[in-house]
Amino acid sequence: MLFTVLSGLITSSLIVPFGRFLKTKWGFILAFLPVLLFLYFTKFVIPIGQGSYFVQSTTWVPSLGINLDFKLDGLSLLFALLITGIGACIFFYANAYLKGHRYIDRFFGYLCLFMSAMLGLVLSDNMLLLFIFWELTSISSFFLIGFNNDQEDSRKSAMTALSITGLGGFFLLAGFVLMGNIAGTYNISELVDKVSLIQQHPLFPLIFGLVALGAITKSAQFPFHFWLPGAMKAPTPVSAYLHSATMVKAGIYLLARFSPILGGNPIWMYSLMIIGGITMLYAAFHSLFRTDLKGVLAYSTISALGILVFLLGLGSKEAVIAASVFILVHALYKAALFLITGIIDHETGTRDLTVLQGLRKVLMPVAIAGFLAALSSAGVPLTFGFIGKDLIYEATLHAAPNVFLYLTIAAVATNILLVSAGFMAGIKPFMGKLPEQFDHIHLPYKSMWIPPLLLAILGVIFGCIPGFVGNWIAGPTANSILAQQEVFHLKIWHGFNLILLLSTITIVVGTLVFISNTPSHKKLAWITTFEKISPAYILNVCAREIELFSAFFTAKMHNGYLRSYLLKIILFAELLIGYQLYLGGPLHIKWDTLSPVSFYEVTTVCILVGAIVLTIRTSSRLTAVVATSVVGYAICLIFVFYSAPDLAMTQFTIDTLTVVLFVLVLFKLPSFLNLANRRTIIRDAAVAIIFGILLSMVALRVLHEPTTTDISDFYGDYAYVLAKGKNVVNVLLVDFRGFDTMFEIVVLSIAALGVYSLLKLRLKSSDKE
Amino acid sequence: MNSTILQTATRYLLPILLLFSVFLLLRGHYYPGGGFVGGLVASIAFVLHSFAFGPQNTMKLIQYKPLSLIPIGLGIAAVSMFLPTFFGYPVMTGLWLEEKIPVIGMIGTALFFDLGVYFVVIGVVLTILFTIALNTEEE
């Protein structure tokens with residue numbers, strides 16, 4: 001399984017050197033990657049349908065509990081098939097859709113990366129591994145959504161999507177780490193055995209909240225739904241892929257995967273049912289007012305995701321099988337509708353529902369696909385959508401007696417609105433009279449209209465053989481969500497009962513809504529007046545305030561004056577040291593333990609003090625520099641007195657070089673100006689003197705404290721034994737702490753490169769002028 | 001600066017200082033010294049030369065850009081860091097030759113690591129100083 005994940009990642013990196021190949025007519029060969037992966041996964045359908053599962057494990061960072069654990073069970077298989085199957089359609093489609101685009105190689109690089117990330121996400125059996133792939137999907141989708149990076153809108157939508165899903169990622173990681181610490185393992189299969197341990201822990205509500213936040217941000221649930229309509233700025237193949245089968249379904253997958261671990265309690269049930277319920281109604285209602293085809297699809301997608309969250313929250317056996325079937329139903333018809341929208345956009349150049357009509361005359365196969373997909377989304381009998389909707393109604397009707405009525409009403413209302421949305425996207429553009437401006441339109445490449453037609457027809461085929469799907473695909477999926485073994489029988493015909501009545505009502509009322517509701521710009525304008533109270537608006541205000549605050553904060557703290565930084569750093573250090581010294585109680589100095597003062601020391605300190613006074617008082621830069629270097633040399637001498645020759649040597653050479661550097665720079669500076677006024681001088685002096693006093697106190701306290709010499713003894717004893725060196729300082733540098741030295745020289749190199757490039761760069765720009 | 005005394009003195013001092021820096025580098029494992037100080041002393045030697053003859057002449061003397069010393073040094077340090085892994089030891093294990101070599105003494109990975117530090121230090125110091133010196137002169 002590892003290779004299925006890696007294959008996409010490797011292909012993606014191979015596109016960097018061999019990307020030009022994609023621009024030739026042989027570019028479609030890349031699409032065989034998802035096809036092959038899809039065929040590989042179909043191999044598992046039969047064994048998994050018989051109740052087995054597959055595990056593969058490779059150690060990676062065992063000390064942190066991160067291992068490359070992969071597991072393929074019913075749930076993973078359904079998603080893997082969707083990702084690779086719809087992925088294959090998208091690859092073929094995008095190759096034609098973006099033909100001749102400048103950055104088509106880049107596009108497929110991102111797409112491969114995204115596909116691997118999604119595959120890794122659904123196959124991971126380790127929470128931390130899952131999180132890594134989770135973040136990878138956020139990042140790669142950022143590039144896909146912002147693919148048209150020359151448009152400001154597109155960049156902004158990509159940023160919004162990344163901020164929302166990235167934010168959810170943080171919460172998710174926190175939830176995972178808490179859960180892993182409580183259960184003592186990061187392996188998801190092992191967590192299933194520790195359900196009671198996790199659910200009875202006092203932190204359980206927090207864990208649930210964090211994981212749920214991760215899922216609802218990713219799956220665009222209210223109030224985080226707004227990134228999804230924004231993400232419609234992406235090229236249509238991306239929207240089709242991200243919003244039918246992959247990206248937004250990742251949150252659903254997460255909830256499904258963790259429902260045996262976190263589910264089955266009131267917190268899980270009520271919060272998810274409420275969030276899902278609000279989302280499905282709110283978004284379905286909004287889809288009525290959109291005039292942009294993709295906008296309609298975006299809101300109906302959010303609504304469908306709401307239904308899934310709602311069903312997983314309900315968590316009963318009926319609800320879970322309904323969710324499993326609906327994931328497949330939705331993926332098939334939504335991908336088809338998105339692809340059809342892409343064709344319409346590609347050929348007519350518009351997605352405006354008020355303009356588009358009569359396209360069946362020029363785009364017949366596309367119209368058939370749209371018609372079938374719309375029927376499936378409406379849940380007309382003999383389509384797969386009919387089975388899905390039946391199961392949803394069955395789940396709500398079998399819910400607890402005190403709530404089932406409300407749940408059923410909510411489900412019916414949502415579905416009525418979704419019927420209308422599906423018809424608007426799949427049928428409306430093809431009905432009526434063809435406007436003259438669209439006369440010249442012709443069918444696009446086969447690789448563009450075959451995928452949606454295929455997906456739409458599959459929706460009908462599955463609808464005719466629900467028993468097959470129930471046994472081999474949806475059944476195993478539901479079993480892995482429920483963590484049990486059941487046999488599900490899906491049937492086309494249940495006889496005349498309440499569910500059939502509800503289905504009929506849904507279709508009839510939905511059709512009426514579709515006929516009576518003509519999308520217009522006026523209605524769209526009306527609904528957008530409510531945007532002032534929408535979560536998106538509120539979040540934007542928050543983001544703007546944070547930006548303002550950070551600008552203010554940066555101006556105060558990071559003003560570009562070295563003296564201001566020094567002052568702040570030293571003041572902060574003083575606060576910390578002062579507080580710690582205060583905690584340590586009064587300072588006792590044992591005068592008798594101090595070593596006697598020698599003549600050399602007194603002389604050196606006198607020179608030092610004299611040099612400091614000179615540095616402060618002088619009005620010439622050169623004198624100041626020389627005086628500072630005298631201070632440095634005096635300190636060198638002190639090092640020598642206290643037998644630290646290595647330190648003294650280094651200090652000496654460094655001081656010499658510093659003076660040279662100063663002289664080089666001074667050459668450029670204007671002659672000395674006394675800019676500081678009296679108040680500044682007094683303030684700086686006070687800060688400096690306090691710092692000196694505090695450090696002296698620290699030094700005195702160190703003398704007073706009982707010291708342990710374990711570490712220095714260890715190095716002293718073992719320097720020769722282990723590292724064959726007699727100079728402990730050097731042995732520390734090159735052997736015991738060699739890693740530190742390595743990083744230090746890397747830092748030094750970066751500093752040198754920085755100076756080099758800064759100065760050279762400035763030179764070049766002045767050349768330009 | 002055009003001082004004959006300084007120029008003549010530098011002609012003799014440069015090789016002596018460079019020798020001294022190598023001496024510091026080699027003795028580092030047993031006595032005060034090491035790659036860092038050695039590198040600083042070597043850079044001071046070149047800085048002295050540039051004071052006496054001007055940075056352009058020093059650059060001519062070195063022939064190569066001091067910037068190129070940085071990757072060389074980092075490379076040597078990194079190789080000596082990862083060399084033990086080829087013999088099945090963890091990264092940064094000290095490996096030593098059995099026999100002493102005359103003049104140099106014991107040879108081991110630590111010495112090469114120090115050599116890497118030595119080159120990086122020279123490269124960094126000279127890059128920074130010469131970049132500043134040459135740019136200020138041109139303007």
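Axes here are lines fitted to C-alpha atoms, for helices over the stretch in contact, with angles running from 0 to 180 degrees between N-to-C directions; helices (H or I, at least four residues) and strands (E, at least two) are DSSP runs, numbered from the N terminus.

Who does the touching? On helix 18 of chain A, look for A:Phe386, A:Lys389, A:Asp390, A:Tyr393, A:Glu394 and A:Leu397; on helix 22 of chain A, for A:Leu498, A:Ile499, A:Leu502, A:Ser503 and A:Thr506. Contact means C-beta atoms, placed from the backbone, within 7 Å. This set splits into six nonpolar, two polar and three charged residues, where Ala, Val, Leu, Ile, Met, Phe, Trp, Tyr, Cys and Pro count as nonpolar, Asp, Glu, Lys and Arg as charged, and the others, Gly among them, as polar.

Now move along chain A to helix 26 (residues 599–617) and helix 27 (residues 621–641), which pack at about 160 degrees with axes 8 Å apart. That makes helix 26 of chain A roughly antiparallel to helix 27 of chain A, and their crossing is left-handed. Among the residues in contact are A:Ile607, A:Leu608 and A:Ala611 from helix 26 of chain A, and A:Ala627, A:Val631 and A:Ala634 from helix 27 of chain A.

Next, the meeting of the two chains: 38 residues of chain A and 40 residues of chain B are in contact. On the chain A side, helix 28 (645–666), helix 31 (728–736) and helix 32 (738–768) each give two or more residues, and helix 32 of chain A gives the most, with 14. This side divides into 24 nonpolar, nine polar and five charged residues.

Over in chain B, an unreviewed UniProt entry annotates residues 12–30, 36–55, 67–89 and 101–134 as "transmembrane region"; positions follow the numbering used here, feature names are shortened, and annotations may be inferred rather than shown by experiment. Residues 36–55 of chain B are 95% helix and 0% strand, with end C-alpha atoms 23 Å apart. For residues 67–89 of chain B, it's 78% helix and 0% strand, and the ends lie 33 Å apart, C-alpha to C-alpha.

Housekeeping: residues are numbered from 1 along each chain as its sequence is written, and chains are lettered from A and ligands numbered from 1 in the order in which they are written. As the model is predicted, local features need pLDDT of at least 70 and side-chain atom pairs count only at pLDDT 80 or more, while totals for chains, interfaces and linings use all residues.

Note on methods:
Parallel < 35°, antiparallel > 145°, perpendicular 65-115°, else oblique. Left-handed = near helix turned anticlockwise from the far one by under 90°.
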